[in-house]
Amino acid sequence: MDNRTGAAGNIGAEIAARSPPDGYTVFQASMTHATNASLYSNLTYDLVRDFAAVTRIASSPSIVVVHPSLPVKSLADLVKLARAKPGALDYASTGAGTATFLAAEMFKGMAGVNLQHVPYRGGGEAITAAMTGEVQVYFAPLATALPLVQQGRLRPLAVTTPMRLSALADYPTVAELGYPGYEAGNWYGMLVPARTPKDAIATLRNGAVAALNIPAVSKRMTDLGYVSVGDQPGEFAGFIKSEIEKLGRIIRDLGVKAN
């Protein structure tokens, strides 16, 4: 394991892209890297051209939560309040261009509401701000928010997945509440340098799927709020392209740039 942090994951991505395509270097990509394709104008790697897809390991859904003191019981209540008091409600994020930011901005655009963006340096600060009422709304990663929801410290309104989640089966999706096509959250997957032999890619993918199917691993993933995927290389490659296009449109519409 070689953790290369910094520059929103771009340092690690560049090193992986330049590594020998021998099947022994595996890069963990996430939605952040698909976003970076539009956020940064001077990237030294191309997520599609310089990598070959192996499999998407998991998705990390988000959940729309509010502080319990906010007088809303549903997503419709939140929209009604936001329209009655434009700009009066704040939402937390882990920074412009991140999954939490894009989830909120996509909803703002579809619902036609004005929520004020309050960025934080990390997920810990953002969830604390929502929990204490410093901000009223957070499109929070499920893994982070679920324990606080279960304790009654945050009120859940909807999940951001296309279908309901087993951990929160009683809570509807944003899409089914009148915003068809809405889907947000992070994802994580395995890439290798371009030109890695196909048999090496197949071996890596089969090993990853076998691990995801181990009952203890599957349970742990579910307990942490992740949804296991394990798709085929071609499917994951197509997914990455679609994510770059979708997120790119949102970022361009918002006029967000990292450099």
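One term before we click: two residues are in contact when they have heavy atoms within 4.5 Å of each other. This is a predicted model, so a word on the ground rules: local features need pLDDT of at least 70, side-chain atom pairs count only at pLDDT 80 or more, and totals for chains, interfaces and linings use all residues. Residues are numbered from 1 along each chain as its sequence is written, and side-chain values use heavy atoms, with hydrogens and water left out.

**Stop 1: P162 and T173**

Select P162 and show what is around it. Leaving aside neighbours within four places in sequence, P162 is in contact with T173 and E183. You'll find P162 in the loop between strand 6 (155-159) and strand 7. Helices and strands here are DSSP runs (helices H or I, at least four residues; strands E, at least two), numbered from the N terminus. Is P162 buried, exposed or partly exposed? Partly exposed, with a relative accessible area of 49%. The scale goes like this: buried means under 20% relative accessible area, exposed over 50%, and partly exposed in between, using a 1.4 Å probe and protein chains only. For a distance check, draw a line from P162 to I214: they are 52 residues apart in sequence and 25 Å apart in space, C-alpha to C-alpha.

Now click T173, which sits in the loop between strand 6 and strand 7. T173 counts as buried, at 2% relative accessibility. Not counting residues up to four places away in sequence, T173 touches A158, V159, T161, P162, M163 and R164. What does the side chain of T173 reach at 3.0 Å? The backbone nitrogen of E176. That is a polar contact, meaning a pair of N or O atoms within 3.5 Å; within protein, one must be able to donate a hydrogen and the other to accept it, and residues adjacent in sequence count only if both atoms are side-chain atoms.

**Stop 2: strand 3 and its partners**

Switch to cartoon view and pick out strand 3 (residues 90-93) and strand 4 (residues 116-119): they run parallel, joined by four bridges. Strands pair if DSSP finds at least two bridges between them. Select A92, and its bridge partner in strand 4 is V118. Trace the chain from strand 3 through helix 4 (residues 99-111) to strand 4, and you have followed a right-handed β-α-β crossover. Right-handed means that, with the strands pointing away from the viewer, the path from the first strand over the helix to the second runs clockwise.

Strand 3 also runs parallel to strand 5 (residues 137-141), with two bridges between them. There, the partner of A92 is Y138.

**Stop 3: the rings**

Color Phe, Tyr and Trp. How many aromatic pairs does a search of the whole structure find? Eight. Rings of Phe, Tyr and Trp (its six-membered ring) pair if their centres lie within 6.5 Å; planes under 30 degrees apart count as stacked, over 60 as edge-to-face and the rest as tilted.

Zoom to F27 and F51, a stacked pair at 5.3 Å centre to centre with 20 degrees between the planes. F27 is in strand 1 (residues 27-30) and F51 in strand 2 (residues 51-66), so the pair ties together parts 24 residues apart in sequence. F27 is buried at 10% relative accessibility, and F51 is buried too, at 7%.

Next, compare Y188 and Y226, an edge-to-face pair at 6.1 Å centre to centre and 75 degrees between the planes. Y188 lies in strand 7 (residues 185-193) and Y226 in the loop between helix 8 (215-223) and strand 8 (227-228), 38 residues apart. Y188 is partly exposed at 23%, as is Y226 at 26%.

Then select F107, F139, Y179 and Y182, which ring pairs link into a cluster.

**Stop 4**

Finish in strand 2 with R56, a buried residue with a relative accessible area of 16%. R56 lies over the face of F239, 3.9 Å from the ring centre. To count, NZ of Lys or CZ of Arg must be within 6 Å of the ring centre and within 35 degrees of the ring normal.

Among the residues R56 touches are W187, Y188, G189 and F236. Select F236: it belongs to helix 9 (residues 233-254) and is buried at 0% relative accessibility. The contacts of F236 include A53, V54, T55, M190, L191 and D231.
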